[in-house]
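The sequence and structure come before the details.

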Amino acid sequence: MNALSQSTTSGTKAVKAAVLLIFALLLFAPFLFQDVRALEVAARVCVFIVLVASYDLLIGYTGIVSFAHTMFFGFGAYGAAISLKQMGPGWDAVVVGALAGMGVSLIVAVAIGLLSLRVKAIFFAMITLATASVALVLASQLSDFTGGEDGITYRAPALFKTATKLMLDENGKVLRIFGVKVNGKLAAYYFVFFSCLALFVVMLRMVGSPLGTVLKAIRENEARAEAIGYRVVSYRTFVFCIAALVASLAGTIYAIWLKYTGPDTALSFAIMIDILLMVVIGGMGTMWGAVIGATMLVLAQYYLRDLMGAAAKATVDIPILPHVLDPDRWLFWLGIIFILLVYFFPKGIAGTVMAKGAPR
């Protein structure tokens, strides 16, 4: 029993070490990977860690299957976009946009929670899917308000402009640290990183509190949790609202980083699929899994095609193989990788490694 306990502990330590390494790489990303694309990937990883972790509060910790999580992300993004477009690139616009997105998200989450969480899982999932579809259609159709299919382009606060010089050297030029300009772009990245880190820590604290224990009890046996006195619908509605608010804030952060918001970047069902894949890859019911899953899938989406192109060139003299490794087939190989991950890590990477050696 001791050996089993130690094995489980070592698995948990390995996962936490991997997560710590990912956060360290993200912290120093502007200095380690000095190109525009790499910084875009790092910022997207930060945002999706929060988005996936907030969704894991629902599906992993409470057993709620929802397809509306992207909708709340979109509310936050559009709130910031519309506010910055109408009010100009000021912090007052950011605050107003964030609060507006959170307000709409909270109202919709409460309405869905109170009306729908009493029904069985599949029916609730369909209701959330229908609600998200309505939001996507409205965003596309209300072009005077949302920009329609073209979306909204706007300016971020002056602090985040590339031309903004945060620090100057002795010659009056923008200071460089290890070759990286200390300008508005760097400030924008660290705004994304530290905002996402703060939200992740809050969720981590939440699942480690007595509330997290109650949520797990509801997931494992809803009837028994209700029988011992917990108001299951109230708890499920509460966590649904918290997840919606966090997703909305993630949308606002991403909107400020991108300086563009449209249906494809904020409300697309493809984003919901990505979130589900990240949760499965990382492992449900563990915040650490959200970090691993989000990082792996975002990196695959951006770099798998490049790797396949390099592999195809390296094997150009081998029959058939270059055609199989053609970069245009990257989605096929992504599917293969996902199937292999699910087969070898049935509880997700973090879940399987943390459970390794536990009694069956």
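## Basis

A residue counts as buried under 20% relative accessible area, as exposed over 50%, and as partly exposed in between, with a 1.4 Å probe and protein chains only. The model is predicted: local features need pLDDT of at least 70 and side-chain atom pairs count only at pLDDT 80 or more, while totals for chains, interfaces and linings use all residues. Residues are numbered from 1 along each chain as its sequence is written, and side-chain values use heavy atoms, with hydrogens and water left out.

## Overall form

The protein chain has 17 helices and four strands; these are DSSP runs (helices H or I, at least four residues; strands E, at least two), numbered from the N terminus. Its C-alpha atoms fill a box of roughly 70 × 55 × 45 Å along the principal axes.

Of the 360 residues, 47% are buried. Among contacts (heavy atoms within 4.5 Å) between residues at least 6 apart in sequence, 74% join residues at least 24 apart. The chain exposes about 17,800 Å², with carbon and sulfur atoms supplying 68% of it; accessible areas come from the Shrake-Rupley method with a 1.4 Å probe, and for residues only the protein chains shown count as cover.

## Salt bridges

The structure holds two salt bridges, each defined as a side-chain nitrogen of Lys or Arg within 4 Å of a carboxyl oxygen of Asp or Glu. In one, the closest N and O atoms of Arg37 and Asp306 are 2.6 Å apart. This pair links distant parts of the chain, 269 residues apart: Arg37 lies in helix α3 (residues 36-59) and Asp306 in helix α14 (residues 287-314). Arg37 counts as partly exposed because its relative accessibility is 35%; Asp306, at 39%, is also partly exposed.

Asp328 and Arg305 form a salt bridge with closest N and O atoms 2.8 Å apart. Asp328 is in the loop between α15 (321-324) and α16 (330-344), and Arg305 is in helix α14, 23 residues apart. Asp328 is exposed at 57%, whereas Arg305 is partly exposed at 38%.

## Nonpolar patch

Leu21, Leu25, Phe28, Leu32 and Phe33 make a nonpolar surface patch of about 480 Å². Leu25 belongs to helix α1 (residues 2-27) and is partly exposed, with a relative accessible area of 37%. Patches are made of residues with over 30% relative accessible area and no salt bridge, joining like charges within 9 Å and nonpolar side chains (Val, Leu, Ile, Met, Phe, Trp, Tyr) within 5 Å.
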